[in-house]
Amino acid sequence: MAHAEHHEAHMAHMGHNMTDSTSPTMDPHAHHHATTPGHMHGGMMEMTFHFSYHNVPLLFSGLVINTAGEMAGAFVAIFFLAMFYEGLKIARESLLRKSQVSIRYNSMPVPGQNGTVLMETHKTVGQQMLSFPHLFQTILHIVQVVVSYFLMLIFMTYNAYLCIAVALGAGAGYFFFSWKKAVVVDITEHCH
Amino acid sequence: MMPMHFFFSDKVILLFDFWDVHSVGGMVLSVFVIMILTVLYEGIKVGKVKLIQQAKTAVAPSISRENLGEPEGTSVNSSVGPTTSSLKKRLSWHLAETLLHMIQVFLGYLVMLAVMSYNTWIFLGVIAGSAIGYYVAYPLLCLR
């Protein structure tokens, strides 16, 4: 069913008329295979890069790209998804740094009364697990893992448009979100 | 058809439909190319960190000079001049960094797709390349 539809679309796309397919010397199927090796074929997986916007499945069963417009939409959506991913990575990093700074600040040794030193708000592991920053980090981690797998699966379609969207989105996200980081945050020394 | 387990073979189609390997020599060459790509990936990872370090030393003095000069500077022109030039400098460093990041992301996915061919030779090439890349590039981090 899907194959028949696809084949029709392909014929229209290539500008053939139906009489071609009846000629014995030109098997439309063989022709189809010869001209478009990079085409999706009944849900079979592509193994090389290809430019196409017909019958491109995208992550979910209902989501199939069939027109140039849909491909453009998917391109933009994936671009922003990849951008969001970069932003999320950088946001998590800076959030973690902030919470670590506050923990260190909170657990400063404070001189108590009659000469004793009190460790102020030294949290136990359980308390740290239940703390809001850690729970928030965990949720963000889940989102990050899901999005990163989505991006990987999108790249795995071998569709060149979608791959370019992922790469450009990663670049744009890095450009905009790490701009502030470059000044504010000190880079951890790798050599001691 | 897509294989779903590792296998030894000298036949593989890698990434592009023109990268069609069906001989021992071709396979050796392909493993070598994939190895170079992986070494490059590791090198770019280190190179990005180096670039960030260099950008800090290149841009930071001008920023601190600005901050010092700001309370004293009374003329508008003198304060605008260095700000825009340092912004341009920062922008160019940041663009270079972004470009490296994009190449890193792209190479990372390419290597992933190469591994996904399930060809064991290619896989070993990726592992060897990663090892060599890390071994060579990581000490360069400490080089000033």
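Over residues 158–177 of chain A, what percentage of the chain is helix, what percentage is strand, and how far apart are the end C-alpha atoms? This stretch of chain A is 90% helix and 0% strand, and its end C-alpha atoms lie 27 Å apart, where helices (H or I, at least four residues) and strands (E, at least two) are DSSP runs numbered from the N terminus. This is a predicted model, in which local features need pLDDT of at least 70 and side-chain atom pairs count only at pLDDT 80 or more, while totals for chains, interfaces and linings use all residues. Residues are numbered from 1 along each chain as its sequence is written, and chains are lettered from A and ligands numbered from 1 in the order in which they are written.

**Chain A**

- Chain A contains 7 helices and 4 strands, and along the sequence they follow the pattern α-α-α-β-β-α-β-β-α-α-α.
- Of the 192 residues in chain A, 17% are buried, a term for residues with 20 or more other C-beta atoms within 10 Å of their own, as against exposed (12 or fewer) and partly exposed (in between), with C-beta atoms placed from the backbone.
- An unreviewed UniProt entry annotates residues 58–85, 132–152 and 158–177 of chain A as "transmembrane region", although such annotations, given here in the numbering used for this model, may be inferred rather than shown by experiment.
- Over residues 58–85, chain A is 64% helix and 25% strand, with its end C-alpha atoms 18 Å apart.

**Where the chains meet**

- In the model, 19 residues of chain A are in contact with 21 residues of chain B, contact meaning that the C-beta atoms of two residues, placed from the backbone, lie within 7 Å.
- On the side of chain A that touches chain B, helix 6 (132–155) and helix 7 (160–184) of chain A are the elements that give two or more residues, and helix 7 gives the most, with 7 residues.
- The residues on this side of chain A divide into 15 nonpolar, 4 polar and no charged, where Ala, Val, Leu, Ile, Met, Phe, Trp, Tyr, Cys and Pro count as nonpolar, Asp, Glu, Lys and Arg as charged, and the others, Gly among them, as polar.

**Chain B and confidence**

- Chain B averages a pLDDT of 84, and 83% of its residues score at least 70, pLDDT being the predictor's confidence in each residue, from 0 to 100.
- Over residues 69–76 of chain B the pLDDT is below 50, and beyond near neighbours in sequence this stretch has 3 contacts in the model.
- Buried residues in helix 3 of chain B include B:W121, B:I122 and B:G125.
- The model as a whole scores ipTM 0.76 and pTM 0.72.
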